[in-house]
Amino acid sequence: MIRAAIVGATGYTGAELVRLLTRHREVELVGLTSRQYADQPYTTVYPHLSGQVDLNCQTQDIDAVTDAADVLFLALPHGLSVPWVAACVGKGKKVVDLGADFRLRRAAVYEQWYRVTHEAPELLAEAVYGLPELKRERIRTARIVANPGCYPTASLLSVAPLCGQGIVREDRLIIDAKSGASGAGRNANVGNLYGEVNENVKAYNVAKHRHNPEIEQEVAERAGLDPDAMAITFTPHLMPMTRGILATVYADLKEGLRPSAEEVRDLYRQFYANEPFIHVMDEGVWPQTKWSYGSNHAFIGLTVEGRTGRIIITTAIDNLVKGASGQAIQNMNLLFGLPETTGLEAAGIYP
Ligand SMILES: NC(=O)c1ccc[n+]([C@@H]2O[C@H](COP(=O)([O-])OP(=O)(O)OC[C@H]3O[C@@H](n4cnc5c(N)ncnc54)[C@H](OP(=O)(O)O)[C@@H]3O)[C@@H](O)[C@H]2O)c1
């Protein structure tokens, strides 16, 4: 059995890790940390997991938590992961960081967007960006996996098959994305109150969302472009729903190119042919967030708008599963040589 600990286990991604890992036949949960709920049964925080998990929350004692586990999942706010990652590397343990501290390969870019100093830039080079559909082989041998953000997961799955194919302007993508309120975590926040979210839709962090450089970094790498020359516009919106991300990407076709929708769809279907979690829809079928509710599956719809010379791609995922905890488990499966779908086979809940 793989002994797993979750650091920041009482947040939304932590709870989703517990829900999924308690059903994972190769994993034993050995540690769940929380400052606010230390020494309290985990199920007093999350009664819906009663009968599934029998651990108390424990304090964030880095040595004790790391020594007891084979793999750590870090589900902390950004800026807090470095001491945990350093301990894992020092003790020969694997680590999957669900936060942003190891996603951006250049410390200067991280510091510019997150406004904190990176305390271990020397470890950035060995962290692997954990989108299994794109980096599977590198993840298998990694020590540090930087689990992607939820919006970047949906955005990158939307455009990866096009990158480097000479079909679209990868540097000038426009991404319009929507998220459920759980994307902001469980911490108290006026913007996430029922009265603010219910019957309301708003854009936020326009032209300055921290997932923008992450998307640009990975698109640039796949397309063979200079990351500093990227001009991807990414606009997130908060939706009156609990879970789900819907990302719609507009990609300009290169001068003189007008592939048919079926040609582009064939490209996507070939690219994702062996991917158990990725589903490319037929023409005219557009993904809905509810299809992915509670599951690790991603649904991609696309068409070619000949009139404007654009490809339009829409991808739906669950922000807490494929956008966070499910993907983290997919990464753990790769790290430990297990079938990638282990513990993640279930379909979502509908309606
Ligand atoms: N929510 C999503 O859909 C989503 C998707 C992808 C990635 N992520 C990323 O995953 C990470 C966790 O997100 P989340 O939504 O689960 O957050 P959350 O609900 O706010 O939970 C954060 C967890 O970290 C602990 N924590 C908070 N402040 C801390 C501090 N200063 N020092 C130590 N521990 C602290 C909290 O417990 P205590 O306060 O009791 O210690 C809690 O267990 C974030 O980096 C987020 O950006 C989230």
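Modeller: In this predicted model, the buried residues of α4 are covered by elements that include the strands β1 (2-7), β3 (71-74), β4 (94-97) and β6 (144-146), together with the helices α3 (62-68) and α6 (121-124). The helix α4 itself runs over residues 82-91. Its buried residues are Val 82, Trp 84, Val 85, Ala 87, Cys 88 and Val 89. After α4 comes Gly 92, with a positive phi near 70°.

The record gives some context for this part. UniProt, in an unreviewed entry, lists residues 3-142 as "domain: Semialdehyde dehydrogenase NAD-binding". That span is 37% helix and 15% strand, and its end C-alpha atoms are 18 Å apart.

Two residues other than glycine also have a positive phi. One is Arg 115, at about 60°, in the loop that joins α5 (107-114) to α6. The helix α6 is one of the elements that cover the buried residues of α4. Arg 115 has 68% relative accessibility, so it counts as exposed, the cut-off being over 50%. The other is Asp 39, where phi is near 75°. Asp 39 belongs to the loop between β2 (27-32) and α2 (42-45). Its relative accessible area is 60%, and therefore Asp 39 is exposed too.

At the end of the chain there is a further backbone feature. The peptide bond from Tyr 350 to Pro 351 is cis, with omega near 0°. Pro 351 is placed in the segment after α12 (321-335).

As for the protein around the helix, it contains 12 helices and 13 strands. Of its 351 residues, 55% are buried. Among contacts with a separation of 6 or more, 70% are between residues 24 or more positions apart. The radius of gyration is 20 Å; a compact globule with 351 residues would have a value near 20 Å, so the two agree. Along the principal axes, the C-alpha atoms fill a box of roughly 65 × 45 × 40 Å.

The surface can be described briefly. The accessible area of the protein is about 14,700 Å², and carbon and sulfur atoms account for 49% of that. There are 34 positive and 40 negative side chains, and the centres of these two sets are 2 Å apart.

Note on methods. Residues numbered from 1 in each chain as written. Predicted model: local features only at pLDDT ≥ 70, side-chain atom pairs only at ≥ 80, totals over all residues. Heavy atoms only, no water. Helix = DSSP H or I, 4+ residues; strand = E, 2+ residues; numbered from the N terminus. Rg over C-alpha atoms; globule rule 2.2 N^0.38 Å. Buried < 20%, exposed > 50% of the residue type's maximum accessible area, 1.4 Å probe, protein only. Contact = heavy atoms within 4.5 Å. Areas by Shrake-Rupley, 256 points an atom, 1.4 Å probe, with all protein chains shown as cover. Lys, Arg positive; Asp, Glu negative; His and termini not counted. Charge placed at Lys NZ, Arg CZ, Asp CG, Glu CD. UniProt positions renumbered as here; feature names shortened; annotations may be inferred.
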